[in-house]
Amino acid sequence: MKARVTVTLKTGVLDPQGKAIEGALKSLGIDGLSSVRQGKVFDIELNSADKAAAETALKDACEKLLANTVIENYRVEIGG
Amino acid sequence: MKAAVITFPGSNREGDVAKALKQAGATVEHVWHADTALPAGTDLVVLPGGFSYGDYLRTGAIAARANIMDATRAHAERGGYVLGICNGFQIVCEAGLLPGVLRRNANLKFICRRQHLTVERADTPYTSSYAKGEVIDVCVAHGEGNYIADEETIARLEGEGLVAFRYADAAGKVTDAANPNGSLNNIAGIYSPKLNVLGLMPHPENLIDSLTGGTDGRGMFASLVGKKAA
């Protein structure tokens, strides 16, 4: 079973990298962007097919390591 | 004063800080991150600068989950001294020993330069050899030293006098121009409420010999071993 964890910055946390990317995109002439925020994606393969257990394990992984919950939010998606 | 200097894969300032501690008269033992216990009689745990685990995931994040950090946390809870310098500051924040986060420098550049700091208080185990308000000239070398925390945390740190050092100019003025990385309130280092844990981005261990630029860093190590800097 596959899962995807997405970690994003909380609203209000400054993102200097996102700002720089936003500036670069604008300088490429790409119009219509109001802001860019950078995050992280983790693609994780799970051994078992137990969705509930996977969700518990991945939440644990996010709380303990993948996200710094002081400044980041996370989202767990479990695929087929 | 018996110090345990922890080495993680990617630490690179462990030798410098050991030298500074020995110069001040401390006994130093090097400890590997995978160890589960600190040497008997450890007074001070030092998490040195460097790039533990290549800064993968977030700076200090993986090192903060190393075996030795459980023993370090227990040491801090007993009131033992824990000093995190640069990457060590990032590690103690990630480990939850100090609040807040060190983010990418506001100008996105790795900054390596001399830097003045104000010593915010001189009544702590780390600063008793300095004077309150003294301006010291040390150096900074980091890409992610931009200290942030939520408003409540900043208010608590300020209200309880837990800001250890601030980035300042040579005259001791705490200005935006003197802030190398965008840290809130020019914060360069903070204490735990019991003043036994200190995290700071600058490197006092690199200014301990006039041959290599100055001696303003000596005071911290002299304070720790309980004597005045020469």
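This is a predicted model: local features need pLDDT of at least 70, side-chain atom pairs count only at pLDDT 80 or more; totals for chains, interfaces and linings use all residues.
**Where the chains meet**

I started at the interface and found seven residues of chain A in contact with nine residues of chain B. Which element of chain A gives the most to that side? I got helix α1 of chain A, residues 16-27, with three residues. Next I sorted the residues on the chain A side by type: five are nonpolar, two are polar and none is charged.

I looked up the scores for the model and wrote down ipTM 0.84 and pTM 0.93.

**Chain B, overall build**

I went through the secondary structure of chain B and have five helices and 11 strands on my list. Along the principal axes, I get a span of about 45 × 40 × 35 Å for the C-alpha trace of chain B.

Why do I call the radius of gyration of chain B in agreement with a compact globule? Because a compact globule with 230 residues would come out near 17 Å, and chain B has 16 Å.

**Chain B, packing**

What share of chain B is buried? I noted 55% of its 230 residues. Then I turned to the contacts in chain B with a separation of 6 or more, and 73% of them come from residues 24 or more positions apart.

Definitions and conventions:
Residues are numbered from 1 along each chain as its sequence is written. Chains are lettered from A and ligands numbered from 1 in the order in which they are written. Helices (H or I, at least four residues) and strands (E, at least two) are DSSP runs, numbered from the N terminus. The radius of gyration is taken over C-alpha atoms; the globule rule is 2.2 Å times the number of residues to the power 0.38. A residue is buried if 20 or more other C-beta atoms lie within 10 Å of its own, exposed if 12 or fewer, and partly exposed in between; C-beta atoms are placed from the backbone. Two residues are in contact if their C-beta atoms, placed from the backbone, lie within 7 Å. Ala, Val, Leu, Ile, Met, Phe, Trp, Tyr, Cys and Pro count as nonpolar, Asp, Glu, Lys and Arg as charged, and the others, Gly among them, as polar.
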